[in-house]
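Student: Hi! Could you walk me through this protein? I'd like to start with the big picture and then ask about single residues.

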Amino acid sequence: MLIARSAALFSLAALLEIGGAWLVWQGVREHRGWAWIGAGAIALGLYGFVATLQPQGDFARVLAAYGGVFVAGSLAWGAVADGYRPDRWDIAGALVCLAGMAVIMYAPRGR
């Protein structure tokens with residue numbers, strides 16, 4: 001159950017961070033305006049809060065592991081929101097990152 005909660009929090013964090021960055025991008029680069037930028041800033045702030053809810057208490061470990069989720073999530077977001085089509089190397093790299101995340105977060109430790 002702890003792993004399921006942690007994975008759900010990582011997914012929510014990715015949605016907020018990647019979505020927030022995308023909203024800022026759209027507001028600035030696609031000239032959609034300050035409302036988009038503001039919504040992105042709020043989402044990015046919420047991402048920072050959600051990251052603190054991880055059951056693991058080590059900031060460095062949580063953020064390092066989240067990096068793997070961010071890589072895979074960014075490719076997925078691009079595919080859904082922008083029509084980006086990851087190639088086999090993008091997918092292989094994302095899987096490597098997710099495997100690294102799993103080792104960092106969920107490997108048995110003798111504590």
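This is a predicted model: local features need pLDDT of at least 70, side-chain atom pairs count only at pLDDT 80 or more; totals for chains, interfaces and linings use all residues.

Student: What box do the C-alpha atoms fill?

Tutor: Along the principal axes, the C-alpha atoms fill a box of roughly 50 × 35 × 20 Å.

Student: And what share of the residues is buried?

Tutor: Of the 111 residues, 30% are buried. The protein exposes about 7000 Å², and carbon and sulfur atoms supply 72% of that area.

Student: Which residues have the most contacts inside the largest nonpolar core?

Tutor: They are F10, Y66, V69, M101 and M105, in a core of 15 residues. The elements that give two or more residues to this core are α1 (2–29), α2, α3 and α4. The largest share comes from α1, with six residues.

Student: Let's pick M101. What is it in contact with?

Tutor: Leaving aside neighbours within four places in sequence, M101 is in contact with F10, A65, G68, V69 and Y106. Two of these partners, F10 and V69, are also on the list of residues with the most contacts inside the core.

Student: Where does Q54 lie?

Tutor: Q54 is in the loop between α2 (34–51) and α3 (59–81).

Student: Is Q54 buried or exposed there, and why?

Tutor: Q54 counts as buried because its relative accessibility is 6%, and the cut-off for buried is under 20%. Not counting residues up to four places away in sequence, Q54 touches S6, L9, F10, V62 and M105.

Student: New topic: which side chains meet in a salt bridge?

Tutor: Those of D58 and R61, at 3.1 Å from N to O. The count comes to one salt bridge. Side chains of opposite charge can pair when their charged atoms come close.

Student: Are D58 and R61 buried, partly exposed or exposed?

Tutor: D58 counts as partly exposed because its relative accessibility is 26%. R61 has a relative accessible area of 18%, so R61 is buried.

Student: What about the surface? Which residues form a nonpolar patch?

Tutor: I91, L95 and L98 form one on the surface, and together they have about 260 Å² of accessible area. L95 lies in helix α4 (residues 88–106). With 55% relative accessibility, L95 counts as exposed, because exposed means over 50%.

Student: What does UniProt list for "transmembrane region"?

Tutor: The unreviewed UniProt entry lists residues 33–50, 62–79 and 91–108 under that name. In the model, the span 33–50 is 94% helix and 0% strand, and its end C-alpha atoms lie 26 Å apart. For residues 91–108 the ends lie 27 Å apart, and that span is 89% helix and 0% strand.

Student: Last one: where is P108 found?

Tutor: P108 is in the segment after α4. P108 counts as exposed because its relative accessibility is 82%.

Student: And how far apart are P108 and G78?

Tutor: They are 30 residues apart in sequence, and C-alpha to C-alpha they are 33 Å apart in space.

Definitions and conventions
Residues are numbered from 1 along each chain as its sequence is written. Side-chain values use heavy atoms; hydrogens and water are left out. Patches are made of residues with over 30% relative accessible area and no salt bridge: like charges are joined within 9 Å, nonpolar side chains (Val, Leu, Ile, Met, Phe, Trp, Tyr) within 5 Å. Accessible areas come from the Shrake-Rupley method with a 1.4 Å probe; for residues, only the protein chains shown count as cover. A salt bridge is a side-chain nitrogen of Lys or Arg within 4 Å of a carboxyl oxygen of Asp or Glu. Helices (H or I, at least four residues) and strands (E, at least two) are DSSP runs, numbered from the N terminus. Buried means under 20% relative accessible area, exposed over 50%, partly exposed in between (1.4 Å probe, protein chains only). UniProt positions are given in the numbering used here, feature names are shortened, and annotations may be inferred rather than shown by experiment. Contact means heavy atoms within 4.5 Å. A nonpolar core is a set of buried Ala, Val, Leu, Ile, Met, Phe, Trp, Tyr and Cys residues joined through side-chain atoms within 4.5 Å.
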